[in-house]
Amino acid sequence: MRAKIIGTGSCLPDKIVTNDALSSFVDTSDEWIWSRTGIRERRLVSSESETTVSMAVSAAKAALEDSGLLPQDLDLILVSTVSSDFITPSTACLVQRELGTCNAAAFDLNAACSGFLFALNTADAYFQAGIFRTALLIGVETLSKIVDWHDRSTCVLFGDGAGAAVVKAAPDGMIAGLQGSDGSGGDILSCRGRACGSPFFHADASPGCLHMDGRKVFQFAVKKVPECIQSLLQAAGVDAGDVSYYLLHQANSRIISSIAQKLKLPLEKFPMNVESRGNTSAASIPILLDEVHRAGMLSEGDLLLFSGFGAGLTWGAALLRW
Ligand code: ACO
């Protein structure tokens, strides 16, 4: 039995922040951001009620409703995030509490922007092993709390939001998945955790903000994602042209265009929402999936290919039938 997606949901903060709004406090411009990234605006949390957990719960409720399952039907809740509200309990346990169920095992995983794919592949592995039969997968980020708002080279790129999918064990669904990591590249995209401040040792560390070598990330993405997609298609024996849509991590439209070009595929097969969402890290693929699904773009039996890359370094892909 493999993972089949039976419902999707998403949640975005209310506040829309345009490129012009950013240029009022960092030295940037709409022209620079748009031409380098394809981003015009992003959603950012702007009230106490908008948190990593609240967005995850809203997305989860929408996905459950879409799937027809109830919270108590879930065997597993997996949340991928790098911006949880609490170090512990996990966001997954906090979501579980809000959903009012205790039947599921719940835990978080951190694979940055590849996180949703790691969650999907993990659920699929549990299903193949016969351990669980249903799962709620969530990618959620409040990146605005870890971004350095004085650093124009990063703060213009990111957005907040959550996306969710309910999956169940089925004979069809996932066809193939892959994921990988290269810890030696961790420095090019990182965010330091809390420093030690005990009576026995006080580390002199700057507060944790996202730090990135954008050019190196760009080079990594345009090389790794096409490789990943090609090896997945080859392993599955599927022709690239037979995939209805490639739902890629929404970091930058130039990266996505370059991948489409390398794969010699038309850009129409690569839906994008980075223009209005920015890069929402682990949330980007499930938000895009939900938007594409709710726009009526998917038909039963369509082949979908997800692929992403992120801090770690990490990368992943999944090929499935809708
Ligand atoms: N506004 C105006 N100028 C800027 C800005 C800004 N927001 N940011 C940087 N610049 C300047 C730089 O200081 C530099 O100036 P200099 O030439 O005087 O030194 C100039 O613009 C060019 O900077 P580059 O870094 O060379 O710009 P580049 O064309 O490479 O684009 C970008 C930068 C958009 C970050 C690109 O490298 C990129 O998209 N990289 C991938 C980023 C990414 O995908 N990150 C997330 C992936 S993983 C995850 O999602 C967590």
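Buried area is the accessible area, computed with a 1.4 Å probe, that two parts lose on being put together, summed over both. The size of an interface is often given in this way, as the accessible area lost when the parts come together. In the predicted model examined here, local features need pLDDT of at least 70 and side-chain atom pairs count only at pLDDT 80 or more, while totals for chains, interfaces and linings use all residues. Residues are numbered from 1 along each chain as its sequence is written, and side-chain values use heavy atoms, with hydrogens and water left out.

The protein is divided into domain 1 (2-171) and domain 2 (176-190 + 206-321), with bounds that come from an automatic or database domain assignment. The C-alpha centres of domain 1 and domain 2 lie 16 Å apart. To the contact (heavy atoms within 4.5 Å), domain 1 and domain 2 contribute 46 residues each. Between them, domain 1 and domain 2 bury about 3,600 Å², of which 60% is on carbon and sulfur atoms. On the side of domain 1, the residues that lose the most area to domain 2 are C113, L117 and F118, together 17% of what that side buries.

Across this interface, 22 residue pairs are in polar contact, both residues being at pLDDT 80 or more. A polar contact is a pair of N or O atoms within 3.5 Å; within protein, one must be able to donate a hydrogen and the other to accept it, and residues adjacent in sequence count only if both atoms are side-chain atoms. Several elements each supply at least two residues of the side of domain 1 that touches domain 2, among them helix 3 (52-67), helix 5 (115-128) and strand 1 (2-11). The largest share, six residues, comes from strand 1. Helices (H or I, at least four residues) and strands (E, at least two) are DSSP runs, numbered from the N terminus.
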